[in-house]
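This report describes the fold shown below, moving from its sheets to its helix packing and then to a few individual residues.

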Amino acid sequence: MKPGIKSRMLFMMKRKLRGSLPAALCAWCLVMSPGQAQTIAPAPQPVPPPPAPALTPSQIIPGTSQGTAPPTPPPAPPQARLDKVSPLGTKPDWSRLQSFHQTLTRPEFEAVMRDVYSDNSPLPPPWTLDPDGVVVKTGDPLKPETRIGFAATRSNGPLPGTRTWRRAAELPPLKGRPPLSDVHIALDPGHIGGGYAVMEERYLSFAPGEAIQEGNLSLITAQVLAERLKALGAYVSLVRDRQDPVTTLRPSDLVTTARQLLAEAGFPSPQENYNDLTGDAKILTVQWQSEKLFYRVSEIQARAQKVNDTIKPDVVLCLHYNAEAWGDAAKPQFSPMNHLHVLVNGCYSLPELEQQDVRFEMFYRLFSRMHEEELPLAESVANGMRAATGLPAYVYTTPNARRVGSNAYVYARNLLANRVYQCPVVYLEPFVMNHEETYRRLLNGHYLGRTLTAGRLQTSAIEDYVRGVVDGVLAYYQKNRPK
Ligand SMILES: [Zn+2]
């Protein structure tokens, strides 16, 4: 094997364990595996990506060797590749897609795949189109394909009973009631906070005796926001209402899975605990991986179960605060950057789609037409947030996100939360917590009016956040629901 290829394979294995982003591009989104990113956090040590050798077709698609490819390990057979499930994921019930038979036209399917769900990779996806339907590879050897037929003409969408959420247009007429009457909004405060903030790498302190924690800030934001939305008539549920996990699992329950993931990535004898380790050495320990499985994967799956089976809202708003690289958590660095973006679900990569649960969830969202509600709502919320915070738009330079729609603040990205919550999800990422002025504003917590911060009178960042969401949500429902 050429040394260049070997080093790239090692890099890809590390990246799979650590994050889907090339670390040098955005040190940030730590991910267990593709499609499980939650939000942004400092990476311990950026790993410069080695120069990428040209991949030959035979390395990607078996049986297409031109006889000039360097010797490489044979790729897994397609069926085996497509049989994988994401960490802690479960095999889907593919028959559920049959409810969507003949509900979407082929032009509608092709347009939304191109504009929202695809990352526009030239590689062939694990499905094919025939004149009247899409044939999806399931990964199940007993029933390797499932086919969803297209409708001949545009219909009004899935049959009643195939979803629990309602579009704004489907709500009862207001008839003079408060403007958000009947709307069921679930607020999902990102992360856990409290005693878990250090473990989940969401604890930021620039001086002894002071700190902000994203999980605490998101919970306060949700609590203030809930009261404002209720005052406008909405029914509001909190997916998390305290600084405790929703999942009943803990890192110690996930050690075996962590070991398996490390072994599959080529590290069969990992170190147990990270103690004073940093960078890749820390990431490649059983402790770090089992903690990540706990707060990033198991926690989101538990919230999804709560959202899908109990809360059943019309929309979920995932509330986060962003960050730029802050380096060593014991000696963090301020960043001059401060920005805002809003995420919808989309931009699936081929490695993500090779996992059968991820593939199923994308098709489930697509055929449910969640994007038809999610994208315009996200655009309206982005407008409200831009006006309330005055923040510039964050610009992604990495392939894991893409612009979608017409609003410069809105990107599509495949995150675990916005994929597995089975309703429209608007995922907010305002403010850079380690921007110095923002950090000082956030230290002041939530307040009304202005207070002297960093030498001038400033509003509460939390209050601006709340006001932006309220204005955006209100504008959307006022425009789209029956009067
Ligand atoms: Zn976050």
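In this model, which is predicted, Gly133 has Gly149 of strand β3 as its bridge partner. The bridge belongs to the pairing of β2 (residues 133–137) with β3, which is antiparallel and extends over 5 bridges. These two strands are part of an open sheet of 3 strands, ordered β1-β2-β3 and paired in the antiparallel sense. Its edge strands are β1 (127–130) and β3 (145–149), each of which pairs on one side only. On average, and with direction ignored, neighbouring strands of this sheet are turned by 20 degrees against each other.

The protein chain as a whole has 14 helices and 14 strands. Of its 483 residues, 45% count as buried. Among the contacts between residues at least 6 apart in sequence, 76% join residues that are at least 24 apart.

Strands of a sheet pair through backbone hydrogen bonds, and the pairing is either parallel or antiparallel. An open sheet of 7 strands, with the order β7-β4-β8-β12-β9-β11-β10, has mixed pairing. Because β7 (235–238) and β10 (401–403) stand at the edges with a single partner strand each, one side of each is left without a neighbour in the sheet.

In one of the residue pairings, Val316 has Val425 of β12 as its bridge partner. Helix α11 (residues 370–389) lies across β8, β9 (340–344), β11 (410–413) and β12, and runs at about 170 degrees to β9.

**Helix packing**

| Helix pair | Angle | Distance between axes |
|---|---|---|
| α5 (residues 214–231) and α14 (residues 461–480) | about 45 degrees | 9 Å |
| α6 (residues 255–264) and α8 (residues 286–311) | roughly 115 degrees | within 8 Å |

The angle of about 45 degrees between α5 and α14 makes α5 oblique to α14, and the crossing of these two helices is right-handed. On the α5 side the contact is made by Leu217, Ile220, Thr221, Val224, Leu225, Arg228 and Leu229, while α14 contributes Ile462, Tyr465, Val466, Val469 and Val470. By residue class, the contact of α5 with α14 divides into 10 nonpolar, 1 polar and 1 charged.

For the second pair, whose axes cross at roughly 115 degrees, α6 is roughly perpendicular to α8. The crossing in which α6 passes α8 is right-handed. Val255, Thr257, Ala258, Arg259, Leu261 and Leu262 of α6 meet Val286, Gln289, Ser290 and Leu293 of α8. The residues of the contact of α6 with α8 comprise 6 nonpolar, 3 polar and 1 charged.

**Individual residues**

Most residues other than glycine have a negative phi. Which values does phi take at Asn120, which is not a glycine? Phi of Asn120 is positive, at about 60 degrees. Asn120 lies in the loop between α4 (106–117) and β1, and counts as exposed because it has 10 C-beta neighbours inside 10 Å.

Ala454, likewise a residue other than glycine, has a positive phi near 50 degrees. This residue is found in the loop between β13 (451–453) and β14 (456–458). With 11 other C-beta atoms within 10 Å, Ala454 is exposed.

Arg365 and Asn345 are 20 residues apart in sequence, and their C-alpha atoms are 8.7 Å apart in space.

Note on methods
Residues numbered from 1 in each chain as written. Predicted model: local features only at pLDDT ≥ 70, side-chain atom pairs only at ≥ 80, totals over all residues. Axes fitted to C-alpha atoms, helices over the stretch in contact; angles between N-to-C directions. Helix = DSSP H or I, 4+ residues; strand = E, 2+ residues; numbered from the N terminus. Parallel < 35°, antiparallel > 145°, perpendicular 65-115°, else oblique. Left-handed = near helix turned anticlockwise from the far one by under 90°. Contact = placed C-beta atoms within 7 Å. Nonpolar A, V, L, I, M, F, W, Y, C, P; charged D, E, K, R; others polar. Pairing = 2+ DSSP bridges. Buried ≥ 20, exposed ≤ 12 C-beta atoms within 10 Å, placed from the backbone.
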